[in-house]
Amino acid sequence: MRTQVVDHPLVAHKLTALRDENTDSPTFRSLTDELVTLLAYEATREVRVHPVDIVTPVAPTTGVKLAAPKPLVVPILRAGLGMLDGMMRLLPTAEVGFLGMARDEETLEAVTYAERLPESLVGRQCYVLDPMLATGGTLAAAIHFLTERGADHITAVCLLASPEGCARLENELAGLDTPVTIVTAAMDERLNEKGYIVPGLGDAGDRLYGVVG
Ligand code: URA
């Protein structure tokens, strides 16, 4: 597993505003959208392309085109949905699959409650959208889900990551042949006793969409 913390002043600037408890939901949503587009630029560095011949108004030349099969973008519901538009802005021809996963607040383990994905992901590059890599349980479960269907290249885009979550992922993905890359705006200090990232930004789903009971 490779972890890439995107080091860019605009990423740091937008992340600071996201973290601020005084940032309201509409602003939080648009900052998330902008931040994900910046992260997506790094996350798609290894997207597969093939050469194509074209003719410009001046001369023939060779360029590249996204290869088939199309990349699959997989937001993890609910909070990952807030990252979808920002990702699709850079990959408008990608397909989208959905994974609904929630964290059991007592065990802190991931529970899958919804799934809408192609039966076969053989040969597919998958981009998983999960804002908070906290305990790593949800992301590990999502990555296993995708590789069991045949995904052969996985990139997870996270707004924030914790050292504990990354260590757990390293451990749980140790036997996996599929390359996995985590792209994040920051590696925070730690998790607190409730499994929240510190300093973090709070509950990403609640800050995007409001509190549900
Ligand atoms: N999920 C969140 O939304 N925030 C955290 O800090 C941890 C998990």
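Which polar backbone atom is 2.8 Å from an oxygen atom of the ligand? In this predicted model, where local features need pLDDT of at least 70, side-chain atom pairs count only at pLDDT 80 or more, and totals for chains, interfaces and linings use all residues, that atom belongs to A204. Residues are numbered from 1 along each chain as its sequence is written, and side-chain values use heavy atoms, with hydrogens and water left out.

A backbone N or O atom of I197 likewise lies 2.8 Å from an oxygen atom of the ligand, while a nitrogen atom of the ligand is 2.8 Å from a polar backbone atom of G202. Of the 240 Å² of accessible area (Shrake-Rupley method, 1.4 Å probe) that the ligand has on its own, the protein covers 88%. The surrounding residues are R103, M132, A134, G195, Y196, I197, G202, D203 and A204, a shell that comprises five nonpolar, two polar and two charged residues, with Gly counted as polar.

A search of the whole structure finds one cavity of 30 Å³ or more, a cavity being a set of points on a 1 Å grid over the protein atoms alone where a 1.4 Å probe fits but cannot get out, with lining residues having an atom within 4 Å of a point. The largest cavity holds about 60 Å³ of space, and its lining consists of R2, E42, A43, R45, E46, H153, T155, T181 and V183. Two or more of the lining residues come from each of α2 (25-43), β10 (153-161) and β11 (180-187). By class, this lining has two nonpolar, three polar and four charged residues.

Definitions and conventions:
Near = heavy atom within 4 Å. Polar contact = N/O pair within 3.5 Å; in protein donor to acceptor, adjacent residues only side chain to side chain. 1 Å grid on protein atoms, 1.4 Å probe; cavity = no way out; pocket = protein on both sides within 12 Å on 5 of 7 lines; lining within 4 Å. Points joined across faces, edges and corners; volume = space filled by probe spheres on them. Helix = DSSP H or I, 4+ residues; strand = E, 2+ residues; numbered from the N terminus.
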